[in-house]
Amino acid sequence: MSDVGSDEFDDERSKHGEYEGDRNEAGERHGVGKAVLPNGDIYQGQYENGRRHGQGTYRFKNGARYVGDYYQNVKHGQGTFYYPDGSKYEGSWVEELRQGHGVYTYPNGDTYDGEWLHHTRHGQGVYHYKETGSEYKGSWVNGKMESAGEYIHSNHRYKGNFVNNNPYGQGKYVFDTGCEQHGEYHQAEQPATNEENGQNIKTQKLPYPGSREGYFTIGTSEGAEEDRAEGKWGELASTTVLRWIPKCITGLTPWTPAKDTSGGEKETASAEEGAEN
């Protein structure tokens, strides 16, 4: 049933826009229908007793689009939201919010695959950086890296504790060659000089914030040259400088399955000497 040409539904049309579709005996939108809202948004899908309920597609006039489940007029269940900036969320919704498991693809191609709570990354998740191929795998709290986590790069990885998106405290670098460098991360209030720190200040990229609000970098590159952080919408933010203090290096332990090492020969000692030199 269409609202067009029906005086009975003039008030409804002025409040909720034009509607064409099924209705129940009480005249409520019920079944499958299409509504053009007064603000220009369009919904097409299932209704129950006058409310969006079931599967539907909601198109916003700004170009955004939601395809998925509705419950009593709100996004609830499984659905995909396409944002105007090109980002996309696929996953679970609870009362209009991203909650549960979902995959978010950001405008620069980065992805987050993991748990959400109240529209933010929260729980266990994996953030993949498209530009470098690196990824962070671990715990998130209120949209930030917190507690145990792991940065995985092409030929090495860092495993340790994270606080407020930054590695902090004890951790270790594990290299594909088999050796490990143990140490601690400290936050420095001022950038260290080349003489003070050499190569011990690391650079890393942080993920987008909880929704689509910018991109961050932290730290410095190859010494004391500052790498500025860019806050949401491009506003300049303060720089966090991290200092890595190495403690020890474990020995290189190559694995050669075809080689006979009987007779008590040890290769570990020589490898350790080479790693330390």
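1. Start with Glu 150 and Arg 157: their side chains meet in a salt bridge, 2.7 Å from N to O. (A salt bridge here is a side-chain nitrogen of Lys or Arg within 4 Å of a carboxyl oxygen of Asp or Glu.) Glu 150 is buried at 14% relative accessibility, while Arg 157 is partly exposed at 33%. Buried means under 20% relative accessible area, exposed over 50%, and partly exposed in between, with a 1.4 Å probe and protein chains only.

2. Keep in mind that this is a predicted model, where local features need pLDDT of at least 70 and side-chain atom pairs count only at pLDDT 80 or more, though totals for chains, interfaces and linings use all residues. Residues are numbered from 1 along each chain as its sequence is written, and side-chain values use heavy atoms, leaving out hydrogens and water.

3. The structure holds four salt bridges. Another one pairs Lys 75 with Glu 96, at 2.6 Å from N to O. That pair links distant parts of the chain, 21 residues apart: Lys 75 sits in strand 6 (residues 74-82), and Glu 96 in the loop between strand 7 (88-94) and strand 8 (97-105). Lys 75 is buried at 8%; Glu 96 is partly exposed at 29%.

4. Then there's Lys 88 with Glu 90, whose closest N and O atoms are 3.4 Å apart. Lys 88 is partly exposed at 25%, and Glu 90 is partly exposed at 36%.

5. Now zoom out: the chain has three helices and 20 strands. These are DSSP runs numbered from the N terminus (helices: H or I, at least four residues; strands: E, at least two). Of its 277 residues, 37% count as buried.
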